[in-house]
Amino acid sequence: MPDAILRAEGLCKDFRGFRAVDRLDLQVQRGHIHALIGPNGAGKTTCFNLLTKFLEPSAGRIFFNGRDITRATPARIARLGVIRSFQISAVFPHMTALQNVRVGLQRRLGTSFHFWRPARTLDRLNARAMELLAQVDLQDFAGTAAASLPYGRKRALEIAATLAMEPELMLLDEPTAGMGIEDVARVTALIKRVSAGRTILMVEHNMSIVAGICDRITVLQRGSVLAEGRYDEVAADPRVAEAYMGTAHAQEEAP
Ligand SMILES: Nc1ncnc2c1ncn2[C@@H]1O[C@H](COP(=O)(O)OP(=O)(O)OP(=O)(O)O)[C@@H](O)[C@H]1O
Ligand SMILES: [Mg+2]
């Protein structure tokens, strides 16, 4: 791939003898929205955990912008510009939407931010936080506690808090999981909008979203790449249909 922002080579993860990720090779092209799909238990979330070093790979290498980050800490990887959101919503429930985004901004500023800075620094922070809230259509919810937001709005807030860290590469694990149709449409449009000028790697089960906004799709099965390409290419691949059918049968046959 000509300009890979992220590359994994031979990535493996063993859990007490069970190989959840098995010699995975993955390349994500800069500027793409890249989908990671596959049946339940295929290893998608584990793969995200490895790429961000929340889990230590059993084998393999990871490169970000050509730099080997296999041994880097999660904090270092975040500072380099790889930011993930979680499958389960992860905002601070008792903080307002504005405060949640401000936490993201402060994290980005890291040690250069000090609470004793003049009030105008805080004003700037608030102004930037409001901009980010507007980007995700949450400007009217700035003062609302995250816990009181409807589910879809909470996920939008999570994306705003992730954006606050100015990711070059954003990893989204099932950003539309559990949403109603309206929220799905809003968050999908939001992902497309915030993809400008950055790269997104996302786990997504909703195939109309994958077909609608993703430039490239990697299909995982039992921890390895089963197929890869544009949506029309992988959708036409009989092995992909079989992988999904296989799990449907398994679920039907379960007691
Ligand atoms: N910490 C762990 N210890 C042991 N096994 C694990 C651990 N984490 C994941 N696994 C196993 O690894 C496999 C892959 O799990 P993973 O969560 O990565 O799948 P997934 O593709 O994200 O699935 P889903 O679509 O359901 O989110 C599963 O069989 C899971 O049970
Ligand atoms: Mg998962």
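This is a predicted model: local features need pLDDT of at least 70, side-chain atom pairs count only at pLDDT 80 or more; totals for chains, interfaces and linings use all residues.
## Ground rules

Local features need pLDDT of at least 70 and side-chain atom pairs count only at pLDDT 80 or more, while totals for chains, interfaces and linings use all residues. Residues are numbered from 1 along each chain as its sequence is written, chains are lettered from A and ligands numbered from 1 in the order in which they are written, and side-chain values use heavy atoms, leaving out hydrogens and water.

## Around ligand 1

Let's start with the ligand. Its shell has 13 residues, of which Gly 41, Gly 43, Lys 44, Thr 45 and Thr 46 come nearest (near: a heavy atom within 4 Å). Polar contacts (pairs of N or O atoms within 3.5 Å) reach oxygen atoms of ligand 1 from the side chain of Thr 46 at 2.6 Å, from the backbone of Gly 43 at 2.9 Å and from the backbone of Ala 42 at 3.2 Å. On its own, ligand 1 has 640 Å² of accessible area (Shrake-Rupley, 1.4 Å probe), and the protein covers 63% of that.

Strand E2 (18-29) and helix H1 (44-51) each give two or more residues to this shell (DSSP runs, at least four residues for helices and at least two for strands). H1 provides the largest share, three residues.

## The six-stranded sheet

Now to the open, mixed sheet, whose order is E6-E7-E8-E3-E9-E10 (strands pair with at least two DSSP bridges between them). Strands E6 (82-84) and E10 (224-229) each have a single partner strand, so one side of each lacks a neighbour in the sheet.

E6 runs parallel to E7 (residues 169-173), joined by three bridges; Arg 84 has Leu 171 in E7 as its bridge partner.

Notes. A polar contact is a pair of N or O atoms within 3.5 Å; within protein, one must be able to donate a hydrogen and the other to accept it, and residues adjacent in sequence count only if both atoms are side-chain atoms.
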